[in-house]
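Visitor: I am new to this structure. Could you show me how to read it, one feature at a time?

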Amino acid sequence: IFGPVPPHRAERLSALATRRLPKFIDRAKKILESNRAVLNDFLDSREELTAPRSEIGTTCFPRLEKGNVDSLWTLLHQKNETAFVPSRYFGSPQHSRIGICAEPQLFETGINRVGQALDELSA
């Protein structure tokens, strides 16, 4: 059913969330710091990928130096059920997009799958 939703509920929820904002910010920082470290270690270990390192932000656009991004996407998507965004959608066909906002365990699993797919493509 579609219909108007009284703004009162949303306003109440936002007021409650605002009171806990420092807790949300602390949690987000911890997640990003953990995932950024995992991503940087991963990028340092892969010669097929190049990307600038950043201490800020939530997204990385590594360039695939060896291989084809579409083949990597197909392998990740079909075989490993891993979300992966080829950057041709952003005008950079040799790049991919990696977001680091996931729960750390889930993020590490995803990064490991990217590594396995890169290994399979280079074999």
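Guide: Start with a term. A crossing is left-handed if the near helix is turned anticlockwise from the far one by less than a right angle, and right-handed if clockwise. Now the case here, in what is a predicted model. Helix 3 and helix 4 make a right-handed crossing.

Visitor: At what angle do helix 3 and helix 4 cross?

Guide: At roughly 125°, and their axes come within 10 Å. That angle makes helix 3 oblique to helix 4.

Visitor: Which residues of helix 3 and helix 4 meet?

Guide: Helix 3 brings Ser71, Leu72, Leu75, Leu76 and Lys79. On the side of helix 4 they meet Arg113, Val114, Ala117, Leu118, Glu120 and Leu121. Sort this contact by class and you get seven nonpolar, one polar and three charged residues.

Visitor: Next pair, please. How do helix 2 and helix 4 pack?

Guide: Their axes are 10 Å apart, and the angle is about 15°. Angles under 35 degrees count as roughly parallel. Helix 2 and helix 4 are therefore roughly parallel to each other. Look at the handedness too: helix 2 passes helix 4 in a right-handed crossing.

Visitor: Which residues of helix 2 meet helix 4?

Guide: They are Ile31, Ser34, Asn35, Val38, Leu39 and Phe42. Their partners in helix 4 are Pro104, Phe107, Glu108, Ile111, Val114, Gly115 and Leu118. The class count for helix 2 with helix 4 is nine nonpolar, three polar and one charged.

Visitor: And how do helix 1 and helix 2 cross?

Guide: Helix 1 covers residues 7–19. Its axis and that of helix 2 come within 4 Å, crossing at roughly 65°. Helix 1 and helix 2 are therefore roughly perpendicular to each other. Ala17, Thr18 and Arg19 in helix 1 touch Leu21, Pro22 and Phe24 in helix 2. By class, this contact holds four nonpolar, one polar and one charged residues.

Visitor: Take Leu118. Is Leu118 buried or exposed?

Guide: The cut-off for buried is under 20% relative accessible area. Leu118 has 4%, so Leu118 is buried. Find Leu118 in helix 4.

Visitor: What does Leu118 touch?

Guide: Set aside residues up to four places away in sequence. Leu118 then touches Phe42, Arg46, Glu48, Leu49, Leu64 and Leu72. Leu118 and Ser71 are 47 residues apart along the chain, yet their C-alpha atoms are separated by 9.7 Å.

Visitor: Arg46 was on that list. Where does Arg46 lie?

Guide: In the loop between helix 2 and strand 1 (49–50). Arg46 counts as buried, because its relative accessibility is 13%. Beyond its neighbours within four places in sequence, Arg46 is in contact with Gly115, Leu118 and Asp119.

Visitor: What about backbone angles? What is the phi of Glu81?

Guide: General idea first. Most residues other than glycine have a negative phi. Glu81 is not a glycine, but its phi is positive, about 50°. Glu81 sits in the loop between helix 3 and strand 4. Exposed means over 50% relative accessible area. With 73%, Glu81 is exposed.

Visitor: One more loop. Where is Ser92 found?

Guide: Between strand 4 (85–86) and strand 5 (96–99), in the loop. Ser92 has a relative accessible area of 25%, so Ser92 is partly exposed.

Visitor: How far apart are Ser92 and Thr109 in space?

Guide: Their C-alpha atoms are 25 Å apart. In sequence, Ser92 and Thr109 are 17 residues apart.

Conventions: Residues are numbered from 1 along each chain as its sequence is written. This is a predicted model: local features need pLDDT of at least 70, side-chain atom pairs count only at pLDDT 80 or more; totals for chains, interfaces and linings use all residues. Side-chain values use heavy atoms; hydrogens and water are left out. Contact means heavy atoms within 4.5 Å. Axes are lines fitted to C-alpha atoms, for helices over the stretch in contact, and angles run from 0 to 180 degrees between N-to-C directions. Helices (H or I, at least four residues) and strands (E, at least two) are DSSP runs, numbered from the N terminus. Angles under 35 degrees count as roughly parallel, over 145 as roughly antiparallel, 65 to 115 as roughly perpendicular and the rest as oblique. Ala, Val, Leu, Ile, Met, Phe, Trp, Tyr, Cys and Pro count as nonpolar, Asp, Glu, Lys and Arg as charged, and the others, Gly among them, as polar. Buried means under 20% relative accessible area, exposed over 50%, partly exposed in between (1.4 Å probe, protein chains only).
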